[in-house]
Amino acid sequence: MVENGPEVPRTSFAHSFAIQRRVIHALILREVITRFGRHNIGFLWLFVEPMIFTVGVTLIWSALKAVHGSSLTIAAFAVTGYSSVLVWRNMPSRLVDSIEPNLSLMYHRNVKIFDIFASRLLLEGVSVATSFLVLTIIFAAIGWLSLPEDPLKVVGGWLMLAWWGCALGMFVGALSHRSELVDKFWHPMQYLLFPLSGSAFLVDSLPPEFREWVLLLPMVHGVECVRDGFFGSEFVAHYDLGYMATVNLVFTLLGLVEIRRASRNLVPA
């Protein structure tokens with residue numbers, strides 16, 4: 001007998017969503033413990049690690065007096081640029097070749113490839129976003145950069161970059177289960193994409209003919225949008241979030257198709 005209203009069907013969307021939420025939460029906790037352990041500062045490395053990378057790049061660029069084609073401070077340029085790189089670079093890197101080591105989890109009928117991917121993507125997204133927020137506050141407090149002129153543009157650009165990282169990650173991660181060559185090619189590819197990602201230059205400083213080719217890369221639009229939100233009055237931004245959303249959607253669909261194909265061919269260990 002049900003005392004508090006009608007019972008929710010066990011096959012309902014709400015029931016399925018509740019199960020998947022618990023599964024992803026458990027996988028996140030497992031991933032944190034596996035990666036960072038229980039000793040020293042533990043899970044805090046989740047946020048400290050990307051902060052160390054970003055601060056290191058900022059100090060190196062400042063020491064070398066790097067030229068980036070604008071009057072922006074090196075600290076502001078590096079934080080907005082390198083933090084943006086970590087979003088689309090770390091997410092796929094965590095998903096490439098991640099199915100095979102987690103095959104034993106597939107014995108649990110509620111654990112799917114998508115859940116493993118989602119837990120890792122959430123971890124990376126939260127860690128880099130937290131690092132970016134904390135560094136922005138600290139650098140603004142010591143006078144290395146100014147707070148955003150338009151926070152909504154910063155959030156919008158950041159979310160688009162996160163979507164791109166998730167879409168690319170799902171596609172590359174599922175594809176790596178099909179062939180080991182994906183893992184071999186992805187790592188050098190991300191280093192080749194880094195200098196073209198917009199992190200180390202402003203699109204407006206490029207020759208017009210080269211600018212058109214660079215803007216074919218979706219992450220460039222996200223970086224330009226983030227910088228437009230921070231200091232749009234100091235440079236001319238070039239980006240089209242509609243184009244970036246289209247590319248993101250295409251890769252999201254490709255990723256879901258590959259995940260479905262990998263799930264069908266999955267053989268639990």
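## Salt bridges and packed helices

By the rule used here, the chain has five salt bridges, where a salt bridge is a side-chain nitrogen of Lys or Arg within 4 Å of a carboxyl oxygen of Asp or Glu. Please keep in mind that this is a predicted model, in which local features need pLDDT of at least 70 and side-chain atom pairs count only at pLDDT 80 or more, while totals for chains, interfaces and linings use all residues. Residues are numbered from 1 along each chain as its sequence is written, and side-chain values use heavy atoms, with hydrogens and water left out.

Let us begin with one of these bridges. Arg120 pairs with Glu31, and their closest N and O atoms are 3.5 Å apart. Arg120 belongs to helix α4 (residues 113-141) and Glu31 to helix α1 (residues 13-36), so this pair ties together parts that are 89 residues apart in sequence. Helices here are DSSP runs (H or I, at least four residues), as are strands (E, at least two), numbered from the N terminus. Both Arg120 and Glu31 are buried; buried means under 20% relative accessible area, exposed means over 50%, and partly exposed is in between (1.4 Å probe, protein chains only).

Now look at Arg178, which forms a salt bridge with Glu258, with 2.7 Å between the closest N and O atoms. Since Arg178 lies in helix α5 (residues 151-178) and Glu258 in helix α9 (residues 241-264), the pair ties together parts that are 80 residues apart in sequence.

Glu258 has another partner to show you. Its side chain also meets that of Arg261 in a salt bridge (3.4 Å, N to O). Through shared partners, salt bridges join Arg178, Glu258 and Arg261 into one network.

Helix α9 also packs against a helix. Two packed helices are described by the angle between their axes and the distance between the axes. Helix α8 (residues 218-231) and α9 pack at about 135°, with their axes 9 Å apart. The axes are lines fitted to C-alpha atoms, for helices over the stretch in contact, and angles run from 0 to 180 degrees between N-to-C directions. The two helices are therefore oblique to each other, because angles under 35 degrees count as roughly parallel, over 145 as roughly antiparallel, 65 to 115 as roughly perpendicular and the rest as oblique.

Which residues of α8 and α9 meet? On the α8 side they are Pro218, Met219, His221, Gly222 and Cys225, and on the α9 side Leu241, Tyr243, Met244, Val247 and Asn248, where contact means heavy atoms within 4.5 Å. By class, this contact has seven nonpolar, three polar and no charged residues. Ala, Val, Leu, Ile, Met, Phe, Trp, Tyr, Cys and Pro count as nonpolar, Asp, Glu, Lys and Arg as charged, and the others, Gly among them, as polar.

Next, find Leu147 in the loop between α4 and α5. Leu147 is exposed, with 55% relative accessible area. Leaving aside neighbours within four places in sequence, Leu147 is in contact with Thr136, Ala140 and Phe230.

Finally, step back to the whole chain. It has nine helices and zero strands. Of its 269 residues, 46% count as buried. Among contacts with a separation of 6 or more, 76% are between residues 24 or more positions apart.
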